[in-house]
Amino acid sequence: MQEDIKIQKEYINKVQKINEGKNLKYIVYTMGCQLNENDSEKISGMLEQMGYSKTEKIEEANIIAFNTCCVRENAEDKLFGKLGEVKKYKESKGTIIAIGGCMMQEKHIVEKLKKSYPYFDVVFGPHTLHKLPEDIYKAIINKQRIEDILDIDGEVIEGLPIKREDKYKASVAIMNGCNNFCTYCIVPYVRGRERSRKAEDIIAEIKCLANKGYKEITLLGQNVNSYMRSERENGKETGEINSFAKLLKEINKIEGIERIRFISPHPKDFTDDVIQAIKESEKICKIIHLPLQSGSSNILKAMNRKYTKEQYLELVSKIKENIPNVVFSTDIIVGFPGETEQDFVDTLDVVKKVNFEQIFMFIYSRRVGTPADKMENQIPEEIKHERFNRLKELADSQVEQNNKKYINTEQKILVEGKSKTNENMLTGRTDTNKVVNFEGTSDLIGKIINVKIIKDHIWYLEGIAK
Ligand code: 5AD
Ligand code: SF4
């Protein structure tokens with residue numbers, strides 16, 4: 001597989017020669033999770049090496065790439081809407097249209113594309129992302145439609161070019177795929193089984209980022225705390241750093257990196273060594289994203305989450321006891337098949353008890369091919385929406401309360417840049433991921449500085465630099 005990268009570099013050069021002197025532009029549309037955003041940075045990296053430069057204007061683009069998501073249905077609607085919109089550019093100036101990402105692993109979607117949107121040039125999946133240069137070259141030269149989807153679990157490919165969106169914070173994938181098969185979730189079917197990157201490759205990438213001035217790293221994976229587990233269980237060569245806890249401690253030693261985050265861990269795999277590693281590692285942010293999904297033990301069982309309400313709450317208590325001032329964020333799905341009013345009240349109960357700093361809320365979305373899609377007791381849309389609104393109300397009131405706790409405290413802020421709405425204001429984030437706006441000069445950008453919080457708003461806090 002690693003050989004493939006060499007071949008792709010040759011295709012990059014070939015396309016670059018064809019494009020030379022033409023001032024061609026690209027645009028990438030990303031739907032979905034941070035892993036997809038990270039993949040999009042790789043798509044951008046490859047396109048730039050092929051001689052395309054970035055544009056924000058769709059009408060200027062000579063190549064439009066879509067990086068799709070299939071976790072919920074609304075992503076599909078978004079893609080089809082956008083594809084309708086780009087047809088005119090294909091017709092008027094021959095814009096290349098490349099569609100990639102998880103949704104392309106679903107056969108019925110590719111069929112629909114061929115039938116209703118046959119003007120695309122390339123379809124590729126997460127397992128063939130690295131072959132984009134070859135696919136684009138063939139689409140240009142042969143003027144034929146390319147479908148490049150692999151059903152098997154692709155190997156982890158190292159060494160792809162990457163064009164990072166931010167200058168001070170970066171995401172680094174540490175593993176890919178999922179073995180859990182939560183009954184609502186399509187991810188294991190499209191991203192395949194868990195496979196981890198070698199620790200030496202991860203550490204080398206982070207050291208390189210540190211040398212370039214990056215301060216904050218977010219480690220990515222569908223299930224970060226089972227890092228290297230499949231490899232350990234299958235007797236594969238893992239190297240010495242063969243668990244998530246060991247990896248965290250190693251990354252904590254990297255000079256120049258000042259903040260480490262990770263998403264997402266699974267509560268069932270949140271072992272004591274991980275808690276200990278977070279406690280000992282001063283750079284790990286003390287906000288933990290711990291997906292709850294539901295607060296009802298019955299629903300959790302039907303979701304195949306492998307923990308109960310009580311076990312989740314015990315885990316939260318254990319983490320709180322061990323790590324002073326830790327806070328949590330979470331993912332919650334409302335309206336899973338069979339969810340009763342009492343089940344939903346259990347979810348609200350957990351939300352009240354944990355007091356999450358941030359909740360990502362989702363209305364259950366039926367996904368073809370998952371066990372939950374075949375369950376008979378689907379919840380009517382209006383009940384799903386009514387529960388969503390009740391949960392949102394509770395979550396908003398907690399955010400409001402929690403924001404007040406920051407007033408008159410001094411927070412360490414990684415200054416990310418100027419505020420988009422006010423030239424004189426800078427913006428950054430606390431360790432707990434809250435946005436803070438404050439007055440300051442641009443020499444502070446990229447630094448971690450102390451800011452006193454003076455006022456709270458729903459979406460951000462206001463402060464004064466110390
Ligand atoms: N419907 C709604 N939300 C879902 N998620 C995953 N699958 C579905 C689905 N079918 C949510 C989960 C997961 C997050 C990334 O997306 O909460 O943690
Ligand atoms: Fe989907 Fe569950 Fe795997 Fe997360 S752990 S990716 S929700 S199957």
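The shell of ligand 2 is formed by Cys178, Asn180, Phe181, Cys182, Tyr184, Cys185, Val187, Pro188, Gln222, His266 and Arg305, where a residue counts as near the molecule if one of its heavy atoms lies within 4 Å of it. Sorted by class, this shell around ligand 2 holds 7 nonpolar, 3 polar and 1 charged residues, with Ala, Val, Leu, Ile, Met, Phe, Trp, Tyr, Cys and Pro taken as nonpolar, Asp, Glu, Lys and Arg as charged, and the others, Gly among them, as polar. The model is a predicted one, in which local features need pLDDT of at least 70 and side-chain atom pairs count only at pLDDT 80 or more, whereas totals for chains, interfaces and linings use all residues. Residues are numbered from 1 along each chain as its sequence is written, chains are lettered from A and ligands numbered from 1 in the order in which they are written, and side-chain values use heavy atoms, with hydrogens and water left out.

The protein is divided into domain 1 (2-148), domain 2 (166-285), domain 3 (288-404) and domain 4 (410-465), with bounds that come from an automatic or database domain assignment. The centres of domain 1 and domain 4, taken over C-alpha atoms, are separated by 36 Å.

Helix 3 (residues 73-93) packs with helix 4 (residues 107-116) at an angle of about 20°, their axes being 12 Å apart; helices (H or I, at least four residues) and strands (E, at least two) are DSSP runs numbered from the N terminus, and axes are lines fitted to C-alpha atoms over the stretch in contact, with angles running from 0 to 180 degrees between N-to-C directions. Helix 3 and helix 4 are therefore roughly parallel, a term for angles under 35 degrees. In this pair, Glu76, Phe80 and Leu83 of helix 3 meet Ile109, Lys112 and Leu113 of helix 4, contact meaning heavy atoms within 4.5 Å. The contact of helix 3 with helix 4 comprises 4 nonpolar, no polar and 2 charged residues.

Helix 13 (residues 341-354) packs with two further helices. With helix 14 (residues 381-405), the angle is about 10° and the axes lie 11 Å apart, which makes helix 13 roughly parallel to helix 14. The contact of helix 13 with helix 14 has 6 nonpolar, 1 polar and 4 charged residues. Helix 12 (residues 309-322) and helix 13 pack at about 5°, with axes 11 Å apart, and helix 12 is therefore roughly parallel to helix 13. Here Lys309, Tyr312, Leu313, Val316 and Lys320 of helix 12 meet Asp346, Asp349, Val350, Lys353 and Val354 of helix 13, giving a contact of 5 nonpolar, no polar and 5 charged residues.

Notes
Parallel < 35°, antiparallel > 145°, perpendicular 65-115°, else oblique.
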